[in-house]
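Welcome! Below is a short briefing for anyone meeting this structure for the first time. Take a look at the sequence and the model, then read on.

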Amino acid sequence: MKGLAMLGIGKIGWIEKDRPICGPMDAVVRPLALAPCTSDVHTVWEGAVGDRKDMILGHEGVAEVVEVGSFVKDFKKGDKVIIPAITPDWNSLEAQAGFSMHSHGALGGWKYSNTKDGVFSEFFHVNDADGNMALLPKGIDPATASMLSDMMPTGAHGVELADVQFGDNVAVIGIGPVGLMAVAFAALRGAARIFAVGSRQICVDVAKKYGATDIVNYREGDIVKQILELTNNKGVDRVVIAGGDVDTFMQAVTILKPGGAIGNVNYLGEGEFIRIPRVEWGVGMGHKRINGGLMPGGRLRMEKLVRLIETKRIDPSLMLTHRFEGLEKVEEGLLLMKDKPRDLIKPVITIKY
Ligand code: NDP
Ligand code: ZN
């Protein structure tokens with residue numbers, strides 16, 4: 001089979017590999033819709049997970065089952081399935097402790113395009129198929145559903161980590177696709193004002209559709225000053241971080257009210273330390289929680305989130321700005337993600353058979 005791989009840091013190319021072998025609890029699937037991600041860009045061009053040679057990229061996709069192992073109970077050949085970017089080992093102690101994403105070690109649930117081949121290929125492997133795949137309901141477009149692999153659950157997890165409650169005023173720092181989903185989930189959880197921090201007009205327009213009430217442009221001035229001005233110096237109850245860098249934490253702590261929480265899902269690629277401002281953190285006694293996490297993954301979450309598309313509570317297709325057809329187009333989609341033209345939110349590639 002052919003796949004688009006990381007050949008080394010900063011290098012991608014098409015390679016030939018053997019089709020993956022299906023273990024007794026696994027599935028082998030072929031892609032119906034694939035989406036390149038900012039994390040793939042971090043992986044290849046920033047060496048985020050370290051050097052990798054000939055590792056197939058990609059972790060967001062909807063697929064059709066071609067083979068299941070003998071222990072798999074709930075899926076069969078021909079089923080159309082949603083596959084989460086994070087595919088934990090559900091029998092691990094970490095999963096039993098409630099941290100499936102860290103099964104068998106920190107970030108251990110993140111396997112695709114990290115510790116095994118990813119999804120940008122003619123076939124790919126799904127471990128623990130009963131625990132990690134969800135049936136794609138009839139009538140849901142695979143391209144739209146590909147946002148269930150990572151963008152919806154990660155945006156949702158940012159909101160969970162920030163512990164957004166109804167009536168809260170929430171700042172979402174970064175409104176790429178992850179931040180946009182955080183805006184949508186904050187609105188769904190009953191947030192009152194939602195301050196969306198970004199700069200690109202296309203993201204701003206979609207953020208408003210998802211429920212942002214105030215737009216803060218970080219390129220036009222200090223976001224702390226802007227958000228404090230907009231809130232009569234009170235700040236916000238919750239902050240979701242889905243963009244920025246290590247210094248974003250200083251801003252987040254400063255705009256957060258005592259008793260509030262920060263939920264970070266942003267990947268921190270640079271800087272040795274995260275600095276927490278002493279006074280703004282209540283000289284150590286401010287009750288300002290800082291949580292950072294990888295989304296949990298797994299079947300239940302996929303089944304729940306797809307209901308939100310079915311019931312039209314969230315429409316992730318608003319983010320699909322660039323659509324392609326044919327597996328070979330994942331390369332163009334990935335390069336778009338790397339270059340982030342101003343009219344891009346998320347590319348998606350559909351594959352017909
Ligand atoms: P994008 O690059 O598309 O979006 C980043 C956003 O942050 C943009 O809105 C950008 O603004 C904004 N931004 C950039 N710099 C700053 C700054 N200094 N201050 C405030 N805002 C800023 O990324 P994605 O939405 O695709 O992904 C977001 C992050 O989430 C990535 O780091 C990704 O790796 C990570 N991620 C984490 C996962 C998890 O499970 N924890 C899973 C998937 C992704 P603009 O472009 O408008 O200028
Ligand atoms: Zn992703």
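Please keep in mind that this is a predicted model.

**The aromatic pair**
- How many aromatic pairs does the structure hold? There is one aromatic pair, formed by Tyr112 and Phe124.
- Their arrangement is edge-to-face, with 5.8 Å centre to centre and 90° between the planes.
- Tyr112 sits in the loop between helix 2 (93-96) and strand 7 (124-126), while Phe124 belongs to strand 7, so the pair ties together parts that are 12 residues apart in sequence.
- Tyr112 has a relative accessibility of 0% and therefore counts as buried; the cut-off for that word is under 20%.

**Charges over rings**
- Arg19 lies over the face of Phe123, at 4.7 Å from the ring centre.
- Lys338 places its charged end over the ring of Trp45, 5.3 Å from the centre of that ring.

**Helix 1 and its surroundings**
- Helix 1 covers residues 38-45, and its buried residues are Asp40, Val41, His42, Thr43 and Val44.
- What do these buried residues pack against? Their partners are strand 1 (2-8), strand 2 (11-16), strand 4 (55-56) and helix 11 (330-339).
- After helix 1 comes Gly47, which has a positive phi, near 60°.

- The protein chain is divided into domain 1 (2-150 + 295-350) and domain 2 (155-292).
- Taken over C-alpha atoms, the centres of domain 1 and domain 2 are separated by 27 Å.
- Domain 1 brings 25 residues to the contact, and domain 2 brings 17 residues.
- Between them, domain 1 and domain 2 bury about 1700 Å², with 71% of it on carbon and sulfur atoms.
- Which three residues supply more than any other three of the area that domain 1 buries against domain 2? They are Ile314, Arg342 and Ile345, which supply 32% of that area.

**Salt bridges**
- Between domain 1 and domain 2, the count is one salt bridge.
- Arg301 and Glu160 form a salt bridge in which the closest N and O atoms are 3.0 Å apart.

Terms used: Residues numbered from 1 in each chain as written. Chains lettered and ligands numbered in written order. Predicted model: local features only at pLDDT ≥ 70, side-chain atom pairs only at ≥ 80, totals over all residues. Heavy atoms only, no water. Phe/Tyr/Trp six-rings, centres within 6.5 Å; stacked < 30°, edge-to-face > 60°. Helix = DSSP H or I, 4+ residues; strand = E, 2+ residues; numbered from the N terminus. Buried < 20%, exposed > 50% of the residue type's maximum accessible area, 1.4 Å probe, protein only. Lys NZ or Arg CZ within 6 Å of the ring centre and 35° of its normal. Domains from an automatic or database assignment. Contact = heavy atoms within 4.5 Å. Buried area = accessible area lost by both parts, 1.4 Å probe. Salt bridge = Lys/Arg side-chain N within 4 Å of Asp/Glu carboxyl O.
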